[in-house]
Amino acid sequence: MEFQLDEQQRDFAASIDAALGAADLPAAVRAWSAGDAAPGRKVWEQLANLGVTALLVPEEFDGIGAEPVDLVVALERLGRWCVPGPVTESIAVAPVLLATDDHGERCAGLAAGELIATVAHPPHTPRAVDADVAGLVLLVTDAGVTEAQPGERHESVDPSRRLYDVTAAGAPWQVDIARAHEFGALGTAAQLVGAAGAMLDAAVDYAKQRSQFGRVIGSYQAVKHKLADVHIAVELARPLVYGAAVTLHPRDVSAAKAAASDAALLAARAALQTHGAIGFTQEHDLSLWLLRVQALRSAWGTPEAHRRRVLEAL
């Protein structure tokens, strides 16, 4: 059976692309890395206007109450444009953790884009990303969910993702923690697929411009095959991610996260090889995606951890 996005979902993706395409995301990411969150927050305001931040918030808390597939549609585009901030944590995980009557006001804040949340969920997500920017920090343990205070800061391989140790700062409440974890892994997988697609497109465009030995490198069969391998990997990972959004079965989510991680890594390597030495420089925008992919591959469970979970499920 073949599943396709409906017209409304395709229009939703196109509207996100149009908004983010005009937002100069590379500049916003670089500013975020330097400690200036203002340009990035303007991007988040645009996401709120499009309804992205309200997708998983229940309708009774002024949200949309959308399906997980709609979430994947949005987060794939956000991954493609390298949106800074705790994207998965605030848009995909926090609404699940706060979906109780006691936290209705905070859910409404998430939906309106007035509140950005981040989450630590040991052992696979031991630290909270961008806890200095988030208005709400949550810690998930076996005892439940608590608010948390950020502590020591740690540098990530991606400078735009600052990591913080956190400590509980309040009484825990009970929610479906397992479901929240699945949304964390699923949201990260969607971002990885989007990032892989962006790097593939950048590599293809550059291969048409860069010349070597008197010919554009895109005319060489070896380059064509390498980029074709990336295309195949991305097109194999994408349906796994959308399939996992339909079932939310742990086995399917892990398979999607592992496949998306592999596709993004393959895309990063191919893009770097295609661009050559310029791809190593911080001044080139490709570096932003290269570092983001390295960070997201281990976020919400490494590929190895998710492969183990698939094996155990089988």
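**Cavity, pocket and sheet in the predicted model**

Helix H5 gives the most to the lining of the largest cavity, with 3 residues. The model is predicted, so that local features need pLDDT of at least 70 and side-chain atom pairs count only at pLDDT 80 or more, while totals for chains, interfaces and linings use all residues. Residues are numbered from 1 along each chain as its sequence is written, and side-chain values use heavy atoms, with hydrogens and water left out.

A cavity is a set of points, on a 1 Å grid over the protein atoms alone, where a 1.4 Å probe fits but cannot get out; a pocket is an open set with protein on both sides within 12 Å along at least five of seven lines, and lining residues have an atom within 4 Å of a point. Grid points are joined across faces, edges and corners, and a volume is the space filled by probe spheres set on the points. The count comes to 1 cavity of 30 Å³ or more. The largest cavity has a volume of about 70 Å³. It is lined by 13 residues, of which Gly 85, Val 87, Arg 161, Gln 191 and Leu 296 are the closest to its centre. At least two lining residues come from each of helix H5 (87-97), helix H7 (177-207) and helix H10 (286-298); helices (H or I, at least four residues) and strands (E, at least two) are DSSP runs, numbered from the N terminus. The lining comprises 6 nonpolar, 4 polar and 3 charged residues, where Ala, Val, Leu, Ile, Met, Phe, Trp, Tyr, Cys and Pro count as nonpolar, Asp, Glu, Lys and Arg as charged, and the others, Gly among them, as polar.

The second largest pocket has a volume of about 370 Å³. Its lining is made up of 18 residues, and Gln 282, Ser 287, Leu 288, Leu 290 and Leu 291 lie nearest its centre. Helix H2 (25-33), helix H9 (250-275) and H10 each supply at least two of the lining residues, with H10 giving the most, 5 residues. By class, this lining has 9 nonpolar, 6 polar and 3 charged residues.

An open sheet of mixed pairing is formed by 5 strands in the order E1-E3-E4-E5-E2. Strand E1 (117-120) and strand E2 (128-129) are at the edges with a single partner strand each, so one side of each has no neighbour in the sheet. Strands are taken to pair if DSSP finds at least two bridges between them. E1 and E3 run parallel and are joined by 4 bridges, and Ala 120 stands opposite Leu 139 in E3. E3 and E4 run antiparallel, also with 4 bridges, and form a hairpin with 2 residues between them; Val 140 stands opposite Val 145 in E4. Strand E4 (residues 144-154) pairs with strand E5 (residues 163-168) in the antiparallel sense over 5 bridges, and Arg 153 stands opposite Tyr 164 in E5.

Strand E3 (residues 136-141) is mostly covered, with 5 of its 6 residues buried (under 20% relative accessible area; exposed is over 50% and partly exposed in between, with a 1.4 Å probe and protein chains only). Cys 82 is buried at a relative accessible area of 1%, and Cys 107 is buried at 0%. The whole structure has 0 disulfides, a disulfide being a pair of cysteine sulfur atoms within 2.5 Å.
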